[in-house]
Amino acid sequence: MGIRLPRIVTAKHTRRRASLASEATTVPKGHFAVYVGETEKKRFVVPISYLKHPSFQNLLSQAEEEFGFYHPMGGLTIPCSEEVFMDLTSSL
């Protein structure tokens, strides 16, 4: 029995790390992930309601022109600075 105990502890630790990682990558219902930044991309989770705003649609058009359908980060990549994105989303 003493041999099995370290395996159980390791399995629990691995499960806990996996659940924490999945929490960090999950997106709540009604939201979607975008990556913003010119050199280093920062992840933002934004409400789907942003999609109906013309200024956000303009950003999406720019993303389509620059990246097409290729978004290797797993979410939409928006080609603008964080400051511009924060200013735009704070006014929505």
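Q: Where is Gly74 found?
A: Gly74 sits in the loop that runs between H2 and E3; helices (H or I, at least four residues) and strands (E, at least two) are DSSP runs, numbered from the N terminus. The model is a predicted one, in which local features need pLDDT of at least 70, side-chain atom pairs count only at pLDDT 80 or more, and totals for chains, interfaces and linings use all residues. Residues are numbered from 1 along each chain as its sequence is written, and side-chain values use heavy atoms, with hydrogens and water left out.

Q: And is Gly74 buried or exposed?
A: Gly74 is exposed, at a relative accessible area of 72%; buried means under 20% relative accessible area, exposed over 50%, and partly exposed in between, with a 1.4 Å probe and protein chains only.

Q: What separates the C-alpha atoms of Gly74 and Ala33?
A: Those C-alpha atoms are 8.1 Å apart, although Gly74 and Ala33 lie 41 residues from each other along the chain.

Q: Stepping back, what pattern does the protein chain follow?
A: Along the sequence the pattern is α-β-β-α-β-α, which is to say that the chain has three helices and three strands. Of its 92 residues, 24% are buried.

Q: Tell me about H2, then: how many residues does helix H2 have?
A: Helix H2 has 14 residues, numbered 54-67, and its first and last C-alpha atoms are 20 Å apart, close to the expected 20 Å, a span taken as 1.5 Å times one less than the number of residues. Just after H2 comes Gly68, which has a positive phi of about 65°.

Q: Which residues in H2 are buried?
A: In H2 the buried ones include Phe56, Leu59 and Ala63. They lie on the same side of H2 because they cover an arc of only 55° around the axis, the arc being that of the directions from the helix axis to the C-beta atoms. On the other side of the helix, Pro54, Glu64 and Glu65 are exposed.

Q: What covers the buried residues of H2?
A: Their cover includes strands E1 (31-36), E2 (42-47) and E3 (76-78), together with helix H3 (82-90).

Q: Which residues make up the largest nonpolar core?
A: There are twelve: Phe32, Val34, Val36, Phe44, Val46, Tyr50, Phe56, Leu59, Ile78, Cys80, Phe85 and Leu88. A nonpolar core is a set of buried Ala, Val, Leu, Ile, Met, Phe, Trp, Tyr and Cys residues joined through side-chain atoms within 4.5 Å. E1, E2, H2 and H3 are the elements that give two or more residues to this core, and its largest share, three residues, comes from E1.

Q: Why would nonpolar side chains be buried together?
A: In soluble globular proteins, nonpolar side chains tend to be buried together.

Q: Back to Leu88: what is Leu88 in contact with?
A: Once its neighbours within four places in sequence are set aside, Leu88 is in contact with Ser55, Phe56 and Leu59, where contact means heavy atoms within 4.5 Å.

Q: Where's Ser81, and what does it touch?
A: Ser81 is in the loop between E3 and H3, where it is buried with a relative accessible area of 13%. Not counting residues up to four places away in sequence, Ser81 touches Val36 and Glu38.

Q: And what does the side chain of Thr89 reach?
A: Thr89 belongs to helix H3 and is buried, with a relative accessible area of 12%, while its side chain reaches the backbone oxygen of Met86 at 3.3 Å.

Technical notes
Polar contact = N/O pair within 3.5 Å; in protein donor to acceptor, adjacent residues only side chain to side chain.
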